[in-house]
Amino acid sequence: MEVQSSSNNGGHSSFSSLRVYLNSLSATPSRLSRRAISVSTSSDEMSHVRAVSGEQMHVRAVSGEQMRRTLRWYDLIGLGIGGMVGAGVFVTTGRASRLDAGPSIVVSYAIAGLCALLSAFCYTEFAVHLPVAGGAFSYIRITFGEFPAFFTGANLIMDYVMSNAAVSRSFTAYLGTAFGISTSKWRFVVSGLPKGFNEIDPVAVLVVLVITVIICCSTRESSKVNMIMTAFHIAFIFFVIVMGFIKGDSKNLSSPANPEHPSGFFPFGAAGVFNGAAMVYLSYIGYDAVSTMAEEVENPVKDIPVGVSGSVAIVTVLYCLMAVSMSMLLPYDMIDPEAPFSAAFRGSNGWEWVTKVVGIGASFGILTSLLVAMLGQARYMCVIGRSRVVPFWFAKIHPKTSTPVNASTFLGIFTAALALFTDLNVLLNLVSIGTLFVFYMVANALIFRRYVPVGPTKPWPTLCFLTLFSITSLVFTLIWKLVPEGKPKAFMLGASAVVAIAIVLIFQCVVPQARKPELWGVPFMPWTPCVSIFLNIFLLGSLDAPSYVRFGFFSGLIVLVYLLYGVHASSDAEANGSFGVKDGQVMKELTEV
């Protein structure tokens with residue numbers, strides 16, 4: 001596709017023949033040195049990239065339409081709530097309460113909500129200044145360059161696809177609970193496949209494909225469907241909260257069922273509260289998908305801050321109330337880690353019907369979170385396609401629906417294929433680290449953009465600060481996780497905290513802000529993004545070894561794709577005038593090797 005386009009334009013293509021491609025591979029070092037940290041400008045992301053999309057798509061006789069601005073702040077709040085309040089809260093709440101925090105799980109949710117809100121602030125400033133569909137990819141591309149942006153964006157898409165596959169399979173389980181049918185009757189086992197990949201789930205595939213069709217039709221219509229499902233889901237959440245307060249007992253907030261277990265509201269102390277916060281933070285992942293809708297927001301300056309931050313604040317309140325409700329229903333040591341809300345009513349005389357209501361409500365939550373996540377992943381892929389580091393075919397906007405139909409279809413089929421045979425536990429072990437890494441990168445990018453002016457100014461003071469602060473935060477996290485309890489641990493944690501605060505104070509006094517946002521900005525710079533950086537590193541430290549194995553494997557795969565395709569495709573676009581560099585520069589590279 002890309003080769004044909006370049007040929008028609010009379011421009012250079014590294015993929016026109018095998019000989020040319022091998023020649024291009026020989027030029028990889030020089031191209032990498034020029035393209036890897038090449039920074040896009042805001043105007044490129046806002047207008048030039050989309051204008052080029054239209055021109056290139058016209059060459060292929062396909063319309064290069066732009067996405068329509070049809071969303072308002074209430075649409076964004078609905079999409080944010082729908083994206084966050086999914087399957088996560090019904091799984092992580094019980095596990096975190098039973099194993100880590102006890103009744104203080106409500107405090108864990110408040111801490112995790114604060115972390116999510118700080119990250120949301122960072123996203124909001126970028127989204128208001130740069131209302132395009134690329135989200136974190138675009139923010140990092142205008143700050144740190146092409147390769148860091150591709151690396152983080154590709155990891156995020158991987159996490160989206162795998163988490164969506166996992167959520168769609170959990171839909172089958174909750175739907176079975178609602179109708180009183182065992183999950184095994186919805187799935188069938190293929191004996192020739194290895195364990196973890198041998199349970200075929202056609203219901204999950206059907207759900208993914210139906211949602212793919214919906215998001216291809218219209219973003220506005222998708223928002224309406226989401227608003228309807230979210231309204232039902234919020235009504236269900238209030239039902240769970242009310243039932244918990246009616247049937248629950250306040251004594252369960254301090255007394256375990258087994259007197260030998262730790263008692264009190266904080267049975268596992270501060271460590272338990274923070275470990276619980278790390279676990280339940282996964283319930284907040286989803287608000288970043290709202291930032292990818294920025295290109296379709298009617299009034300970005302007013303609507304985005306209210307939509308993104310408002311949805312996080314509302315969800316935090318709902319989660320805290322649900323946590324209190326669950327803690328009142330049962331003593332923490334009797335909570336079912338896998339299905340805390342439905343299990344709390346199972347076996348109770350006259351309350352069995354509530355279990356089915358929980359199954360129905362959870363199913364609605366899964367559908368809304370799946371809808372928003374699949375909207376987000378397609379827009380990430382669309383904008384990455386615009387940058388040429390993946391095939392330009394993904395950037396197509398349908399002329400009638402104004403949606404990224406190619407990206408939506410491709411990722412929908414990929415998600416459905418994973419959901420068909422991959423076990424829920426296998427998928428969940430592969431999720432989260434990429435998302436937290438992107439949140440960490442966006443907070444760093446915000447500080448860099450605020451304190452490093454445009455031009456030949458050296459960025460080293462800011463880069464040194466970001467590196468030192470990240471190292472200090474990592475040291476704090478390692479001490480928290482590895483050092484045994486006692487006075488030495490408390491002293492080391494205190495010393496690390498003092499060093500981190502001192503680093504921020506020195507940076508604030510020595511390095512002035514190079515630019516201040518004209519429209520909307522994160523308050524209390526640089527403290528707000530620094531707290532976000534610290535919390536994201538702290539939560540990254542809570543993830544298990546398989547998560548880091550997955551991250552290493554896919555990171556290597558992403559680097560390979562960039563070296564073998566991305567850097568050459570973007571160099572071609574640069575040579576053909578898309579990035580303002582003459583064709584002769586690339587031709588010179590090829591003739592010199």
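1. Salt bridges first: taking a side-chain nitrogen of Lys or Arg within 4 Å of a carboxyl oxygen of Asp or Glu as the rule, the count comes to five. One of them pairs Glu146 with Arg35, with the closest N and O atoms 2.7 Å apart. Glu146 sits in helix H9 (residues 146-179) and Arg35 in helix H3 (residues 28-35), so this pair ties together parts that are 111 residues apart in sequence. Both Glu146 and Arg35 are buried; here buried means under 20% relative accessible area, exposed over 50%, and partly exposed in between (1.4 Å probe, protein chains only). Helices (H or I, at least four residues) and strands (E, at least two) are DSSP runs, numbered from the N terminus.

2. Before going on, a word on the source: this is a predicted model, where local features need pLDDT of at least 70 and side-chain atom pairs count only at pLDDT 80 or more, while totals for chains, interfaces and linings use all residues. Residues are numbered from 1 along each chain as its sequence is written, and side-chain values use heavy atoms, with hydrogens and water left out.

3. Next, Arg72 and Asp303, whose side chains meet in a salt bridge at 3.1 Å, N to O. Arg72 is in the loop between helix H4 (42-59) and helix H5 (73-84), and Asp303 is in helix H14 (residues 300-329), so the link spans 231 residues. What about their exposure: is Arg72 buried or partly exposed? Arg72 is partly exposed, with a relative accessible area of 27%, whereas Asp303 counts as buried at 1%.

4. Glu125 and Arg450 form another salt bridge, the closest N and O atoms being 2.9 Å apart. This pair also links distant parts of the chain: Glu125 is in helix H7 (residues 105-129) and Arg450 in helix H19 (residues 433-451), 325 residues apart. Glu125 is buried, with a relative accessible area of 8%, and Arg450 is buried too, at 5%. As for shared partners, salt bridges join Arg72, Glu298 and Asp303 into one network.

5. Helix H16 (residues 352-386) is worth a look. At 1.5 Å a residue, its 35 residues should span 51 Å, and its end C-alpha atoms are 53 Å apart, which agrees; the expected span is 1.5 Å times one less than the number of residues. Of those 35 residues, 29 are buried, so H16 is largely enclosed by the rest of the structure. Just after H16, Arg388 takes a positive phi of about 80°.

6. Phe553 is in helix H23 (residues 545-575) and counts as exposed at 55% relative accessibility.

7. For the whole chain, there are 24 helices and two strands, and 57% of the 593 residues count as buried. Among contacts (heavy atoms within 4.5 Å) between residues at least 6 apart in sequence, 83% join residues at least 24 apart.

8. Finally, confidence. Mean pLDDT (the predictor's confidence in each residue, from 0 to 100) is 79, and 82% of residues reach 70 or more. It stays under 50 over residues 1-10, for which the model has 18 contacts beyond four places in sequence. Over residues 52-64 the pLDDT is also below 50. Where pLDDT is low, the predicted coordinates should not be read in detail.
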